[in-house]
Amino acid sequence: DYAIITLFLNCGMRLSELVGINIKDIRFDECKMTVVGKGNKERTIYLNKACIKAINKYLAVRPRDGVKFDSSDALFLSEQKRRISSRLERISKRTVQYVVEKELKRAGLDTTKYSTHKLRHTAATLMYKYGDVDIRALQELLGHESISTTEIYTHVDNEQIRDAVEKNPLANL
């Protein structure tokens, strides 16, 4: 659960991208991974220390036995064995949504207002607001086709406006 939440909040990935992560697509030496995004397009997601640490902690406890052949390379596996096959499978979108909902409740947050997609929005907003990220870089990071889709994250608050005015080189004349 921790690794799932950490990836959502640090990478801004889509739900479908998260469930589709394969272990072989993670380059620990380069702190990055390749995911398949919207429109079946591959994109690179860079991993910070928190993500690498969370993935490694998960891999240390990830089941190795009883995994279906076609799910053997999946990063995240379902904990529930399917009645039909009695083998572990790649985690489903619904299971991830359940995990996120459970953790949101544990944090005392309203699950009618927050979701996996809101975690993507949160990651993007935090990167834009605190990471000094250019909108084009944010567009690439989120895998948006159009810059107008990315612009929803660039809403500014009064603090940012005040800060911009104070940082004007002519402010102290």
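Predicted model: local features only at pLDDT ≥ 70, side-chain atom pairs only at ≥ 80, totals over all residues.
1. Main core. The largest nonpolar core holds 34 residues. Leu7 and Leu47 have the most contacts inside it. Helix H1 (2-11), helix H2 (15-19), strand E2 (32-36), helix H3 (49-61) and helix H4 (93-106) each give two or more residues to this core.

2. Leu47. Leaving aside residues up to four places away in sequence, Leu47 touches Leu7, Cys11, Ile26, Cys31, Lys32, Met33, Ile52 and Ile55.

3. H1 against H3. The axes of H1 and H3 are 9 Å apart, at an angle of about 160°. Angles over 145 degrees count as roughly antiparallel, so H1 and H3 are roughly antiparallel. Their crossing is left-handed. From H1, the contact takes Tyr2, Ala3, Thr6, Leu7, Asn10 and Cys11. From H3, it takes Ala50, Cys51, Ala54, Ile55 and Tyr58. By class, the contact has 9 nonpolar residues, 2 polar and no charged.

4. H1 against H4. Here the packing angle is about 90°, and the axes of H1 and H4 lie 10 Å apart. That angle makes H1 and H4 roughly perpendicular to each other. Ile4, Ile5 and Phe8 in H1 meet Val96, Val99, Val100 and Glu103 in H4. This contact of H1 with H4 counts 6 nonpolar residues, no polar and 1 charged.

Terms used: Residues numbered from 1 in each chain as written. Heavy atoms only, no water. Core = buried A, V, L, I, M, F, W, Y, C linked by side-chain atoms within 4.5 Å. Buried < 20%, exposed > 50% of the residue type's maximum accessible area, 1.4 Å probe, protein only. Helix = DSSP H or I, 4+ residues; strand = E, 2+ residues; numbered from the N terminus. Contact = heavy atoms within 4.5 Å. Axes fitted to C-alpha atoms, helices over the stretch in contact; angles between N-to-C directions. Parallel < 35°, antiparallel > 145°, perpendicular 65-115°, else oblique. Left-handed = near helix turned anticlockwise from the far one by under 90°. Nonpolar A, V, L, I, M, F, W, Y, C, P; charged D, E, K, R; others polar.
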